[in-house]
Amino acid sequence: MSNMEIREEQSVEDRNPHKPHCHNETDLTPLKPASLDNGLPSRLSEVRVSILETSTTVSEDIQCAQKKSIRRSIGLTAWLTLVGSTVITLLVLGFLIFLWFGEGPVTGGEQASRVWRNIMLGEWLPQFTTLSSLVLRLAIGAQASLCTSMCAALFLERRKVLKSQAAQYSIIRALNNGPFSLIKLSLFQIPNSFSLHPEFVLLVCLCLAALGTQFSSTILLSDLDTASVVQSPSTASPNLYAGPSLDIDMSATDYWSERPPSFPSFGETPAGYFAQPNRRGLSDTGVKRRALLPFYQPDDRTALRSYDGEAAVLSSRVSCMPPTISGEFLGANYSDQYYGTVAGQISYEETFANAGIPSTRLCNSERCLSPGFNCTIMSISADSTHVTTSYSFCFPQVIQELQYDPSAWKLDDDPWGPESSPILVMSSELYLTDWQQAMEIPIVMPNYTSEEEWISLELLPGKFMNMSLCFMGLNVMSSDVRLQSADKRSIINTEVTTNRSAQSINTTDVQILLGTEQATQDFGERGVFNIEKIVDDPDHVFFPDRNRSLSQMQNTTSILEAYLIYTAQQMTGNASIGICIRCSGYLTQATNPLYANLFASIIQSSNRAAVALQSVYTILGQVVYYDILEILDDPREAVVIKSQSVQVPRRSRGIVAVTALVLVSLLSVWAITGLFFRYSRHTLLGETWHTVSQLVSHDTEDILNGSGTVRDKDVRLSLKNNDPHVRLEQSRAGRVEIVRCNKLE
């Protein structure tokens, strides 16, 4: 029997008898025949020992190669890329979630962190979103490239691939341009159930997630919209008062006939109306205090979220009750326009008694409540098809309060009494032709019935007139206030404006602002400010104290107060204000159709004359005030918080979609990494020569020994009819190489 030669190259570790002997290469030479001799048993024993040692050495070589693969397969750079990209991805995702949901529970970011507000107010959100999306794409792209290499290794080591594609799979472990290239290559393996293997499914998920993150910037930006964000507190110096050299005369301006250009917000306290009449028909709004925003420009008012400083406060209280009256109705003519008049007496004592009001003063040192009245009743035009009721109100007597006079009414005064303005509110169903007939035959005051705060009189068969006696106490004071916006709307709304040429407008938005309905009393829904603090001027002067001089503050507020109480009624008793569209009558003061729309809408929806009067005088007061404010020249310092219209996240669909893509990507990455650690034994990621050397095998030598100019297409064509499946395995000789699967099986 011939000699058997066994060649081994041992490392330093192999000399340690307690460690497995690891060999880089073990080569078994073929056995050569030899002649037999007398030492045959001895030689057979030697051969047997040598074969056993060789088998043991090969087995130990394989174990060492496996441990080396687990330890070195991924490499430090790839490991840092995986972990670092994961940390960066989670940090960026957390930052995006902070941007999207950092506004806090209060609209406008009032309780948001300063960082969030600074980003939004600096209008950095689009830039941060774009940069964050770029970082996400880079991090996920780096992970996807590594996972593509891992999946290629798993395909080669766990599965079987076509021999014609073995080179691509092997090289992808070192160099690739992302998962799509491997998926495209693996489509040829679909008939062999490649698509059912977990690494392939995870690779597809990773590819889709990586593809989706390419559009993350567009997806996220679709969530943005314009909204208001609260700024930090700042100091403002609005002009609040008239300087000594400024002389203001408002008596020549007819504000009743002008249409308000807009309806600014205001501060209010208390919330809600309490004008529901009691069982005796007494309706009372209670004291309603409204602070007028001291900013002339509409943009400054709409951007305001908080104000702490001095402001003009319009306070009023209106009470209405069914009157006890006597008199007669007459027809009248002015320029061929027929209308009605009513002249008679009001019994204040009986009216108060019927309304359940205890004995009250009818006189003070300045004036008494006069029982006589002579008022105009508007007639409905004959060609009117939509208007079925005319409205007007009349001041039997006015309070003669001029500019720079003390205030007549105090906040703790009753609304009924000589300090308040008595007002007869009237609604009539009589047309122009009806009053034409009444010119010849006066209509005697008929018996009437009471319903809530109204009395109802049937002047002609089937045609009624309603009357209510109201008292309005009103003053304007300069007060130190703190106003806080309760507006729940997310955008800065422009003030309600009107069509200055239209005859009829929808006043629904105005009524919501004024809170004329019981259902709309919430400050936030109405868009008004809550008066959190109000401290009135302690030096404010009231009647009958005429000896004290008025302060500069009261000198200014008295201009508005005198106009509302005295000038607006043309400074005359029995002043009739027509508040009707397509109506006729000789009036002391005609009004713009807007006031008629507003007044009629409130009466028709709530039947509350007190609310209607308080509302139209609030609007009139605002119009006069902002005309005065434009020319005031004495500023006062105040602390304000404003809001700014910027791009902020208004929807969450985009951030949810991007979060889902990132989570799918991370789960796929670490699942693939786990499979790679578990099953890969022969791959060193990113090592080019390593991947090329493993292609050299007996099964690939026919391709590798070609001319050197062979193309992938040529290989596929040459193996078209005989393209066996191969796998990366460790051969019996201990070398890792491409091996045909049928040899293994």
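This is a predicted model: local features need pLDDT of at least 70, side-chain atom pairs count only at pLDDT 80 or more; totals for chains, interfaces and linings use all residues.

Reader: OK. What is the handedness of the link of C363 and C368?

Author: The link is right-handed, with 115° about the S-S bond. The sulfur atoms of C363 and C368 are 1.9 Å apart.

Reader: Is C363 buried or partly exposed?

Author: C363 is partly exposed, at 38% relative accessibility. C368 is partly exposed too, at 36%.

Reader: How many disulfides are there in the whole structure?

Author: A search finds four. One of them joins C320 and C470, with sulfur atoms 2.0 Å apart. C320 lies in strand β11 and C470 in strand β21, so the pair ties together parts that are 150 residues apart in sequence.

Reader: Which hand does the link of C320 and C470 have?

Author: That link is right-handed, with 105° about the S-S bond. C320 is buried, at 0% relative accessible area. C470 is buried as well, also at 0%.

Reader: What about C375, which cysteine does it join?

Author: C375 is joined to C394, S to S 2.0 Å. This link is left-handed, with -70° about the S-S bond. C375 sits in strand β14 and C394 in strand β16, so the pair ties together parts 19 residues apart in sequence. C375 is buried at 1% relative accessibility, and C394 is buried at 0%.

Reader: New topic. How many cavities of 30 Å³ or more are there?

Author: Two. The largest cavity holds about 90 Å³ of space.

Reader: Which elements each supply at least two residues of the lining of the largest cavity?

Author: β6, β11, α14 and α16 do. The lining residues include Y241, E310, T556 and Y625. By type, the lining has eight nonpolar, three polar and one charged.

Reader: And what lines the second largest cavity?

Author: Its lining includes W409, E419, M472 and I565. That lining divides into six nonpolar residues, one polar and one charged.

Definitions and conventions: Residues are numbered from 1 along each chain as its sequence is written. Side-chain values use heavy atoms; hydrogens and water are left out. On a 1 Å grid over the protein atoms alone, a cavity is a set of points where a 1.4 Å probe fits but cannot get out, and a pocket is an open set with protein on both sides within 12 Å along at least five of seven lines; lining residues have an atom within 4 Å of a point. Grid points are joined across faces, edges and corners, and a volume is the space filled by probe spheres set on the points. Helices (H or I, at least four residues) and strands (E, at least two) are DSSP runs, numbered from the N terminus. Ala, Val, Leu, Ile, Met, Phe, Trp, Tyr, Cys and Pro count as nonpolar, Asp, Glu, Lys and Arg as charged, and the others, Gly among them, as polar. A disulfide is a pair of cysteine sulfur atoms within 2.5 Å. Buried means under 20% relative accessible area, exposed over 50%, partly exposed in between (1.4 Å probe, protein chains only).
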